[in-house]
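Reader: Please take a close look at one surface part of this model, and then go on to a helix and a sheet. Plain wording will do.

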Amino acid sequence: PHSPPPPSVRVIALMISAACLAALSLSAPRARPSMRGPRHYDAVVVGAGPTGLAAALQLHARGAHVAIVDKMPAPAGFDAERAFLYNVDGRGQSTLDELGLLDALVNQSVSQEEFRLSMVTDTDKPVGEPLSLPVVDLEQRRRVPAQWIPRSKLVALMDDAVADTAERPSATPPVERIYGRGVASLRVEEGAHHWRVGVEGTLGGGAQEELTASLVVGADGLSSAVRDQLASLAGGSAFAVRKRPSASAGLRYKVLALPPKFPLSTRSSERAEPSMAYSLRGKPSVPRPIKAGILPLRTDEMGRTANFITREDHPIWDKKDAPSMAAFLADNFPHIPLNEETIGKEELARFAASRGGRFPRPQHCTDAAYVPEGGGGCAAIIAGDALHAFPPDLGQGVNSGLQDISVFAKKLDAHAVRFGARDDADAPADAPPPGLAPAAEEYAGERVPEASALTRLMQLGYPFQYGQECFMSKPRQAFWAVNMLARLKLSKVFRGILHPQIMTQVQNPTLAYSRILATANRTTMLLRLVAAGAVAVAIAVGRHLRLGVL
C-alpha cells in the first residue's frame with residue numbers, strides 16, 4: 001500500500017496554499033461619491049481588490065486622475081465567502097514596496113518564518129507538537145519573508161492608501177472611489193480620444209451613468225465584465241479564455257467562523273493561539289473523513305475562520321440547516337467543540353446555508369491589452385484574475401496580480417508616460433498621453449506568456465494537497481511526495497543541471513513563471529533519460545548474466 005506524504009510535505013503544501021482561512025476584519029463602508037453625469041478621468045480602474053487598488057495607486061503616482069469602480073459597496077469589508085489568507089511573497093511585496101505599503105503589510109501579518117502548525121486529532125494527545133516550515137535555500141534576496149495576511153486586511157490597508165490621496169497635498173487629483181456600481185458598457189466612439197464607460201448600481205436602483213477615460217484597467221476578477229466587453233469589441237478569437245484541467249479544479253470550499261481563543265479539543269484545555277496554524281482532522285472511522293484548516297493571524301480579537309475543502313458530492317453539502325450541520329460536525333469531529341454552544345446557532349445556520357465557493361480550472365486570457373483603431377491612442381488592459389485564474393495550490397493569485405501592475409507601471413515609465421501633462425499644446429484636453437498605447441501593448445506581450453506558463457504550473461504543482469478523493473489519489477499523492485523530495489535532493493547535488501519541484505521554485509520571486517516551467521520540463525526530461533538509461537543498463541546486465549549462466 002502507498003503511504004501518504006510525510007508531515008513535512010503536507011506542511012509545505014499548506015504553506016503555499018492560499019485558499020484557507022481568515023480573520024474577521026471589518027471595514028466601515030465608504031460612501032460612493034455622487035455622480036452628476038459624464039466625467040472625464042485619465043484612467044478608470046474596474047475592481048477594488050488588491051490588483052485594482054495597486055493599479056489606482058500606481059497610476060495616481062504618475063499624475064493620473066483615477067476613478068476606481070467596484071460592484072461591492074465596501075470592498076474592504078469582511079466577506080465570509082472570501083475569508084481566506086494571502087501568502088504575499090516577493091512578487092507581491094515588490095509592488096507593495098513601490099507603493100510604500102510594505103511596512104504596513106508586515107505590521108499586520110504573520111511572517112512565514114514564524115509559521116507553526118499543529119495537528120488536532122481524535123487521539124489521546126489531541127493537539128500535536130507544533131511543526132515549523134522547512135527552510136528551502138534558493139539564494140533568495142528578499143527584504144522580508146513571505147507574509148500571511150487576511151484578504152480583508154490587505155484590501156483595507158490598500159483602500160486606506162487610496163483614500164489618503166485626498167489628504168495629501170498634490171497637483172494630481174485624488175483617486176475617486178465609486179463603490180456599489182458595476183460596468184455595464186464599454187465603447188470608443190469613432191474619432192474620439194477616450195473610452196466611454198457605462199456604470200450602474202449593483203444593489204438596485206440608479207440609472208446607468210457614464211465615465212470617460214484614456215485608459216481602462218480591468219481588474220474585476222474571474223468573470224471580468226471588462227474582458228467580456230473587450231472581447232466583443234475586438235471580435236474574432238481575441239480575449240479568449242484558455243482553460244486547463246487540474247485535479248483540484250472544481251473542489252468546493254466553505255468557511256466557518258470561530259470565536260477568539262477557540263477551544264481546540266474536548267479532551268484538553270488548550271486554546272487556539274493567533275499566530276499558530278491548525279489542521280483539524282476529523283474522525284478517521286467515518287466513511288468519508290473530512291478536515292479543516294486554520295491559518296495564522298497577527299491578532300484574533302475578531303475571531304478565526306476554518307476552511308473546509310471537499311469534492312462536490314461530500315455529505316457536508318447536504319446539511320442545509322443548523323440542526324443537521326451540528327449533528328454532522330458532532331459525528332465527524334467528536335473531539336473538537338464545533339457545536340452550537342461554542343460557535344453559536346446563528347453562525348451554524350449561516351455556515352449550513354452557505355454554498356461556499358469553487359476552485360476554478362487553471363485559465364488565462366489570450367490577450368491582455370486592446371488599443372482600438374481610431375481611438376487616438378487610448379488603451380485598455382486586464383490584470384489579476386481577469387487575466388489568469390486558478391486554484392490556490394501555489395499561493396500565486398494575489399502575487400501574480402500585483403506583479404501584473406508592477407510590470408505595467410514599468411512599461412509606462414519606459415515610454416515616459418505622464419498623465420496630466422501635455423507636450424503638444426494643440427492636442428485635445430482629453431487626448432491620451434503619448435506612449436500609452438505602446439506601453440499597454442508591451443505589457444500584454446510580456447504578461448500573456450507568463451499567464452500561460454503560470455496556469456500550466458498549476459497543473460503540475462501540488463493539486464492533491466487537499467486530500468480530495470479522486471482516481472488513484474493516494475498513489476498520485478505518494479508519487480508527488482517522492483518526486484518532490486527526489487528533485488530537491490538531486491538539485492543540491494547537480495546544482496544548475498537539475499532543479500527543485502515547481503512548488504519550491506515558485507517561492508523564489510526572482511524567477512519568471514516561464515523560466516520555472518522551462519527548468520521543470522528540462523529536469524523532467526533529464527530524469528526520464530536517466531531512468532531510461534538505468535532500465536537499459538539493468539536489462540543488459542540481466543541478459544549478460546543469463547548468457548553467462550547458460
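Author: Helices (H or I, at least four residues) and strands (E, at least two) are DSSP runs, numbered from the N terminus. The model is predicted, so local features need pLDDT of at least 70 and side-chain atom pairs pLDDT 80 or more, while totals for chains, interfaces and linings use all residues. Residues are numbered from 1 along each chain, and side-chain values use heavy atoms, without hydrogens or water.

F494 lies in the loop that joins α12 (473–493) to α13 (502–505). With a relative accessible area of 40%, F494 counts as partly exposed (buried is under 20%, exposed over 50%, partly exposed in between; 1.4 Å probe, protein chains only). Together with L490, V493 and I497, F494 makes up a nonpolar surface patch of about 350 Å² accessible area (Shrake-Rupley method; members have over 30% relative accessible area and no salt bridge, and nonpolar side chains are joined within 5 Å, like charges within 9 Å; a salt bridge is a Lys or Arg side-chain nitrogen within 4 Å of an Asp or Glu carboxyl oxygen).

Helix α7, residues 322–332, has A322, M325, F328, L329 and N332 buried. Down the axis of α7 these residues fall within an arc of 125 degrees, so they line one face (directions from the axis to the C-beta atoms). Their cover includes β13 (252–258), β16 (304–310) and α9 (345–353).

Last, the sheet. Three strands form an open antiparallel sheet in the order β12-β18-β21; its edges are β12 (241–243) and β21 (388–389), each paired on one side only (pairing takes at least two DSSP bridges). β12 meets β18 (363–365) over 3 bridges, and K243 has Q363 of β18 as its bridge partner.

Terms used. Areas by Shrake-Rupley, 256 points an atom, 1.4 Å probe, with all protein chains shown as cover. Contact = heavy atoms within 4.5 Å.
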